[in-house]
Amino acid sequence: MASAFTHGFVGLALGKIFTVRRMPARFWVLSALCGILPDIDSVGHMLGVEYSSLWGHRGLVHSLLFALVAGLLITLAAFNDPPRFSKRWWALAFYFFIVITSHGVLDAMTTGGLGVGFFSPFDTTRYFFPWRPIRVSPIGIASFFSKWGARVIVSELIWVWLPMLVVLGVVMVGRRWGKGKMKDEIGER
Ligand SMILES: [Zn+2]
């Protein structure tokens, strides 16, 4: 895993990137939680579920299928405005799918553990991306507040937070600029 803070932050940043209108508080809470969600399988890991097994850490619960099902269920449970199964509702479900998927994408760029079972249960191969700059975060809180944890934070700041903030900045500026331009076109001359 990358650390829970970073997964949650990415969820929030994606929320800012994907939405323009004002969103309710539960949208933001769920965005952060969905970023972290796949790591619920670390509970099994601590209870002795084999890492490399289907239900092991970074297995099925880190897959695209899980993201799809969980994204749909969460949207179904938490949002009936926009009206269920309307175009905007599906966009919201797709958004949560992307946020949950972002988790596995980050994990597949970390330096340790086993890869991510993106295509589980159909293909249980564990995948890493060829480029893995993020230091793997320890499982469990105690070892996180250690020297290892400090190195993880630095690498996540550089390889996740910074790029995310840059993208966010570009999107915000682009939006503002787009709005100004629109006003010019609509406004009186
Ligand atoms: Zn993970």
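Let me start with the buried side of helix H2: Phe-27, Leu-30, Ser-31, Ala-32, Cys-34 and Gly-35. Buried here means under 20% relative accessible area, with exposed over 50% and partly exposed in between, using a 1.4 Å probe and protein chains only. Helices are DSSP runs of H or I with at least four residues, strands are runs of E with at least two, and both are numbered from the N terminus. An α-helix has 3.6 residues a turn, so residues three or four places apart point the same way. The cover over the buried residues of H2 includes helix H1 (4-18), H4 and H5.

H2 covers residues 25-36, and its 12 residues at 1.5 Å a residue should span 16 Å; the end C-alpha atoms are 17 Å apart, which agrees. The expected span is 1.5 Å times one less than the number of residues.

A word on the source. This is a predicted model, in which local features need pLDDT of at least 70 and side-chain atom pairs count only at pLDDT 80 or more, while totals for chains, interfaces and linings use all residues. Residues are numbered from 1 along each chain as its sequence is written, and side-chain values use heavy atoms, with hydrogens and water left out.

Now the overall chain. The protein chain has 7 helices and 0 strands. Its C-alpha trace spans about 70 × 35 × 30 Å along the principal axes. Of its 189 residues, 42% count as buried. Taking contacts (heavy atoms within 4.5 Å) between residues at least 6 apart in sequence, 62% join residues at least 24 apart.

Next, the metal. Which residues coordinate the zinc ion? They are Asp-39 through OD, His-62 through NE2, His-103 through NE2 and Asp-107 through OD, at 2.0 to 2.2 Å. Donors are N, O and S atoms within 2.8 Å of the metal (3.2 Å for Na, K and Ca), and as water is not among the atoms, sites may look incomplete. Along the chain, the zinc donors follow the spacing D-x22-H-x40-H-x3-D. The two histidines link distant parts of the chain: His-62 is in the loop between helix H3 (41-46) and helix H4 (64-78), and His-103 is in helix H5 (residues 87-107), 41 residues apart. Both His-62 and His-103 are buried.

The angles among the 4 donor atoms run from 91 to 169°, and the site is irregular. For reference, four donors count as tetrahedral if all angles lie between 85 and 135 degrees; four count as square planar and six as octahedral if opposite donors are over 155 degrees apart and all others between 65 and 115; anything else is irregular.

The structure holds 1 salt bridge, meaning a side-chain nitrogen of Lys or Arg within 4 Å of a carboxyl oxygen of Asp or Glu. Arg-58 pairs with Asp-107, with the closest N and O atoms 3.5 Å apart. Arg-58 sits in the loop between H3 and H4 and Asp-107 in helix H5, so the pair ties together parts 49 residues apart in sequence. Arg-58 is buried at 0% relative accessibility, and Asp-107 is buried with a relative accessible area of 0%.

Finally, Leu-60, also in the loop between H3 and H4. Leu-60 is buried, with a relative accessible area of 12%. Beyond its neighbours within four places in sequence, Leu-60 contacts Leu-54, Trp-55, Phe-66, Ser-120 and Pro-121.
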